[in-house]
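Below are some remarks for a colleague who is meeting this structure for the first time. Please read them alongside the sequence and the coordinates.

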Amino acid sequence: MSSANITANWSYPTSVKLGRGRIKELADACKSLGMKKPLLVTDRGLASMAITKNALDILEDAGLGRAIFADVDPNPNEKNLEAGIKAFRDGGHDGVVAFGGGSGLDLGKCVAFMVGQTRPVWDFEDIGDWWTRASVEGIAPIVAVPTTAGTGSEVGRASVITNSVTHVKKIIFHPKFLPGVVIADPELTVGMPKIITAGTGMDAFAHCLEAYSSPFYHPMSAGIALEGMRLVKEFLPRAYREGTDLEARANMMSAAAMGAVAFQKGLGAIHALSHPIGAVYNTHHGMTNAVVMPAVLRFNRSAIEEKIARAAAYLGISGGFEGFYDYVLKLRSELNVPDNLTAMGITPDRIDELAAMAIEDPSAGGNPVAMTLENTKTLFRDCF
């Protein structure tokens, strides 16, 4: 199937319009959700880029106005959120176009959700049934437009918001976070720098790997995770080598969405480690996942050896767990991922603090080997 032909309409888990040039359907997507005056939310880096200006042109030409909010940090926090809600209300908007990578998508979704709430955002953390505290009436509709292929936030029911005081990343959850329409246009990802292609691609791979490895029962997610890993294996090196390879870019967008759908089954220590590292050191999330991945595979080996051998067979990798582990090392070196946290410029002087944060992270509960303070400290040391 040539790159020109990768085009699809999916309603799993929401309406996804995948294919090159489909950004031109943005205004129709907004109108289909009843929007008359959407606010485009993105991050500072994307604000002045041609793809963003083009999206605003499309909205303006369709009579939907031209409004952008881009005061978003790489790890969005509650201050960005408050500013976004204010922009939404001051502008009299009735919907959000969440545009960008994980940070733009997460903040855009959270703005649309919080405009309908009177409680603080922390009251909707992904704990038990806290989401039922929300008032559903005022939540604004969302169209998501990913410009990277990694987080899969465009098909997610949560946003990660960093508490600017404690530097802890919190997962804010509600079913209404799920965008009503996703436009996945691979042409928007062509301009990604190599390091971002690598980091976001490895994020998608980590989502699939951890979901597949988690001990919970969810065969649908496990199947999706397996095929997501195959797409990354086949297409991430191609997208990295040749950024304009639209077939590779489209397949990586699929893999990113699949990773986020799959991790309903759970995540694990890769994310439990990378969330505190990202919150404390402001590192790139996907790249941090890639850095800690081999140490976590070693840590979990006793619990996942047979499972990983099955995955290796499906991925066409010989040698069972060992073969899979060697493949991960090879993929990392192909993508110029730092060898360990030391190579990333992080020092081991805060291991106790990071380990304490890691075992509190919601992702820790899905790790195949139970994470304790002691074994998590050892695991962190193994990452340096």
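1. UniProt positions are given in the numbering used here, with feature names shortened, and its annotations may be inferred rather than shown by experiment. With that caution, an unreviewed UniProt entry places the feature "domain: Alcohol dehydrogenase iron-type/glycerol dehydrogenase GldA" at residues 13-186. The model itself is predicted.

2. For the protein as a whole, the secondary structure comes to 13 helices and 9 strands.

3. On overall form, the C-alpha trace spans about 55 × 50 × 40 Å along its principal axes. The radius of gyration is 20 Å, which agrees with the value near 21 Å that a compact globule of 384 residues would have.

4. Of the 384 residues, 58% are buried, and the protein exposes about 14900 Å², of which carbon and sulfur atoms supply 54%. Among contacts between residues at least 6 apart in sequence, 76% join residues at least 24 apart.

5. As to charge, there are 36 positive and 41 negative side chains in the protein, and the centres of the two sets lie 3 Å apart.

6. Is Ile 6 buried or exposed? Its relative accessible area is 12%, and because buried means under 20%, Ile 6 counts as buried. Ile 6 and Thr 147, which are 141 residues apart in sequence, are 17 Å apart in space, C-alpha to C-alpha.

Methods
Residues numbered from 1 in each chain as written. Predicted model: local features only at pLDDT ≥ 70, side-chain atom pairs only at ≥ 80, totals over all residues. Heavy atoms only, no water. Helix = DSSP H or I, 4+ residues; strand = E, 2+ residues; numbered from the N terminus. Rg over C-alpha atoms; globule rule 2.2 N^0.38 Å. Buried < 20%, exposed > 50% of the residue type's maximum accessible area, 1.4 Å probe, protein only. Contact = heavy atoms within 4.5 Å. Areas by Shrake-Rupley, 256 points an atom, 1.4 Å probe, with all protein chains shown as cover. Lys, Arg positive; Asp, Glu negative; His and termini not counted. Charge placed at Lys NZ, Arg CZ, Asp CG, Glu CD.
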